[in-house]
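This report describes selected features of a predicted model.

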Amino acid sequence: QVQLVESGGGLVQAGGSLRLSCAASGRAFSSYTMGWFRQTPGKEREFVAYSAWSGVSTYYTDSVKGRFTISRDNAKNTVYLQMNSLKPEDTAVYYCAADRNSATREKRSYDYWGQGTQVTVSS
């Protein structure tokens, strides 16, 4: 019903920046909570940030506060994650997700997922 496609990942040096994008299909994009998650091999997928209420409400996990910014352009059905001051521990596959019903950091609540984009931060 909803397809999500991430882009913008790549290789960057520690202290550098990347901007991830997630393009979504569907007519109800502005009503969705849009989340970013990340995952490294052998570890559970973890919450990074969400944007709810068309972008009025945002929330970040503590490890990225002050460095990452989530934003959205509802007219373009696109959500972004601006990542500054990147650290090697930010290295992961980053996933975009959409929740039809709630604003949450819990991955089990999200209804739709993209396939991910790799972010690698070198030291």
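## Aromatic packing and sheet

Phe37 has a relative accessibility of 1% and therefore counts as buried, the limit being under 20%. With a relative accessible area of 6%, Tyr110 is buried as well. Trp113, by contrast, counts as partly exposed at 28% relative accessibility. The structure holds seven aromatic pairs, and two that involve Phe37 are listed below.

| Pair | Distance between ring centres | Angle between planes | Geometry |
|---|---|---|---|
| Phe37 and Tyr110 | 5.1 Å | 80° | edge-to-face |
| Phe37 and Trp113 | 4.9 Å | 55° | tilted |

Because Phe37 lies in strand 4 and Trp113 in strand 10, their pair ties together parts that are 76 residues apart in sequence. Phe37, Phe47, Tyr50, Tyr59, Tyr110 and Trp113 form one aromatic cluster. Over the face of Tyr59 lies Lys65, at 5.8 Å from the ring centre.

An open sheet is formed by four strands in the order 1-3-8-7, with antiparallel pairing. Its edge strands, each pairing on one side only, are strand 1 (4-7) and strand 7 (68-73). Neighbouring strands of this sheet are turned by 15° against each other on average, direction ignored. Six bridges join strand 3 (residues 18-24) to strand 8 in the antiparallel sense. Arg19 has Gln82 in strand 8 as its bridge partner, and the charged end of Arg19 sits over the ring of Tyr80, 3.9 Å from its centre.

Asp90 belongs to the loop between strand 8 (78-83) and strand 9 (92-99). Asp90 counts as buried, at 1% relative accessibility. Apart from neighbours within four places in sequence, Asp90 is in contact with residues including Arg38, Arg67 and Ser85.

Key:
Residues are numbered from 1 along each chain as its sequence is written. This is a predicted model: local features need pLDDT of at least 70, side-chain atom pairs count only at pLDDT 80 or more; totals for chains, interfaces and linings use all residues. Side-chain values use heavy atoms; hydrogens and water are left out. Helices (H or I, at least four residues) and strands (E, at least two) are DSSP runs, numbered from the N terminus. Buried means under 20% relative accessible area, exposed over 50%, partly exposed in between (1.4 Å probe, protein chains only). Contact means heavy atoms within 4.5 Å. Two strands pair if DSSP finds at least two bridges between them. Axes are lines fitted to C-alpha atoms, for helices over the stretch in contact, and angles run from 0 to 180 degrees between N-to-C directions. Rings of Phe, Tyr and Trp (its six-membered ring) pair if their centres lie within 6.5 Å; planes under 30 degrees apart count as stacked, over 60 as edge-to-face and the rest as tilted. A charge sits over a ring if NZ of Lys or CZ of Arg is within 6 Å of the ring centre and within 35 degrees of the ring normal.
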